[in-house]
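Notebook open. I want to go through the strand pairings and then the helices.

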Amino acid sequence: MFQLKWLWVNMKESRAAYIAALVLSIACNGLYITAPYFQSRIIDTFISNENAAANLRDHRDLLIWLIAGMIGFTFLRTCMQYACNMYYEKASQGMVYKIRTHLFRKIENQDMDFYDRYRTGDLMTRLTGDLDMVRHMVSWVIKGCVESIALFLASMIYFFTIDWRTALCILAMTPVIFFVTRLFSRHAGPAYRKVRETSSALNTAAQENISGNRVVKAFAKEDYEIEKFRMRDEEYRSSNIKAAMVWLKYHPIIDVAAGALSVILLLCGGYFMIQQHLTMGQYVAISGLLWAVSNPMRNMGNYVNDFHRFMASASKVIEIYYEAPRIVDRVDAEDTEEKLRGEVEFKNVTFSIGDKKILDNISFHIKPGETVVIMGETGSGKTSLINLIPRFFDCDKGEVLVDGLNVRMHKLHTLRSSIGIATQDVLLYSDTIDSNIAYGDSELEEEYVRRCAELAAASDFIEKLPMKYDTIVGERGVGLSGGQKQRISLARAIAIKPKVLILDDTTSAVDMETEHYIQQSLGGGLDFECTKIIIAQRISSSKNADKIIILQDGKIADMGTHDELIRREGYYKQIYELQSGINCKAESGVGA
Ligand SMILES: Nc1ncnc2c1ncn2[C@@H]1O[C@H](COP(=O)(O)OP(=O)(O)OP(=O)(O)O)[C@@H](O)[C@H]1O
């Protein structure tokens, strides 16, 4: 029942409103017995009484009071019900708002590996469907249970005050309902957990499909994907049917038991009326209020259903709610704001993901303002290496230092906001080009945004777009070519005036001429001093670098300047010869 405790904790600010709503609920449902009470008094005094005509003549005031009471209490109950629903809504919306904001903050602050563990569709389900179920629990299920219990108790107390024998006969059905509901509850839990899992799988399939629609089209795999989605949909459908069948199996028993109450009343109530333990007015009052006993019995199954749905959803929400990132600010972290110069050093760094060693004993030093190019075969660990600088991951052994201070000792926000990264997978937001470059900084001057675009060789194509810098790019940059997206991503990294600029294969999709222009810009065009770490595969990118690091299977295979490396046998020399066509010429010479 941790889920219920968790709800209570999260209701802290809305607790008063919620308790007020619960109290009003109880009062409202208690008031349901007033109408039958007045009704029975009217019948017994003015209709079925042998002196009814005389009573009507002599006690007209009483009749008026009884009718006024009936209308007055009904009106009061309606007003209270209105206020009560308002409080429920306010409390539940307030609580869900708080949980949703907290969840989103949690997801935002998670480590990189969190996003490997959870799929986007699943996270979306937690933020939407699951949270809605939590709200449903607060504003509907608990409300319904409290109202049902209040109604049931108030009616039963009223029945006992009328005639304990008839009340006991009606109460005799309760154990049957209780037993059946318990049996149902045991089977409903697993069924609804399955529904929750299949719903998440369905959302994930839809999300991955929609975001990967280009690949689907490119491979003409629409039918394959439709079939895959249909299977998820089928699983979701059958899990829902199975859960519904559990309820359907028990529902008739509960319904028959609740319906039997009318027969019991007819037989027992009729008998006790003949025995003069009950008056006609009292019989009518019990009969008129019988629904207040049978409805809660019927509804119990629905509440149990919803309760299990809530338990399954709340468990998923709670999992993320308490998920703590491992990479956080240390208590003794230094605030190095304004002081960073851009010096980067790796000292015997080893890094693994799971059991797999990705980087092994890496050591190098980059002075502020230097340009360093990292090269190596695909999968050699280049991206993993640069990921350690802004602490997207922490290394297992050794130290990564920025300005002589271990990155773990920097405040995360200061460290990351001093590093500009243009990642390999370019992500643009469905917003204007201007907003994408000035990402999250509405104060950034338009002039400066244009300057950054110029440095990234993006201004020419932006100026040709229909709305120029106000052109809205589609989701993830749809509508732009790969090279155009890369250049906007580069402009965005430059716009924060970083102390360390990291480019992960950022110019792989641009033509040689544009790449040359970008190199010139980065070389002397920036109006701020920064260290550049560039992952590249082209010799044209590394020729003028202060240092080139060659990675091979997570180890530094070689390091030096362009001139030094082409004099040595190895990966760099091979790449150099390949790209400058030396081998080809030699080969063609041999063949001639
Ligand atoms: N999240 C991850 N979980 C497990 N292994 C990973 C993960 N990310 C990377 N790897 C592994 O780490 C190794 C290095 O990957 P990395 O992306 O750093 O290489 P890279 O040199 O940048 O490759 P590329 O040039 O293709 O971008 C690869 O073998 C890869 O499979």
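Predicted model: local features only at pLDDT ≥ 70, side-chain atom pairs only at ≥ 80, totals over all residues.

Which residue in β8 is the bridge partner of valine 373? I looked it up: the partner is isoleucine 534.

Residues are numbered from 1 along each chain as its sequence is written.

Strand β3 (residues 371–376) and strand β8 (residues 531–535) run parallel and share four bridges. Two strands pair if DSSP finds at least two bridges between them. Strands (E, at least two residues) and helices (H or I, at least four) are DSSP runs, numbered from the N terminus. I then traced the open sheet: six strands, ordered β6-β7-β8-β3-β9-β10, with mixed pairing. On average, neighbouring strands here are turned by 15 degrees against each other, direction ignored. Helix α23 (residues 571–580) packs on this sheet and touches β3, β9 (547–552) and β10. Contact means C-beta atoms, placed from the backbone, within 7 Å. The direction of α23 makes about 105 degrees with that of β9. Axes are lines fitted to C-alpha atoms, for helices over the stretch in contact, and angles run from 0 to 180 degrees between N-to-C directions.

**Entry 2, antiparallel sheet.** I found four strands in an open sheet, in the order β2-β1-β4-β5, with antiparallel pairing. β2 and β5 (405–406) are the edges; each has a single partner strand, so one side of each lacks a neighbour in the sheet. β1 (residues 344–353) and β2 (residues 356–366) pair over seven bridges. Phenylalanine 351 stands opposite leucine 359 in β2. The β1–β2 hairpin has two residues between the strands, and glycine 354 takes a positive phi near 65 degrees. On to β4 (residues 397–402): five bridges tie this strand to β1. Lysine 347 stands opposite glutamate 399 in β4.

I took α5 (residues 60–108) and α13 (residues 291–321) next. They pack at about 50 degrees, axes 9 Å apart. Ile99, His102, Leu103, Lys106 and Ile107 in α5 meet Val317, Ile320 and Tyr321 in α13.

Last, I looked at α9. The helix bends by about 30 degrees at alanine 188, and proline 190 follows within four residues. The bend is the angle between axes fitted to the seven residues ending there and the seven starting there.

Definitions and conventions. Contact = placed C-beta atoms within 7 Å.
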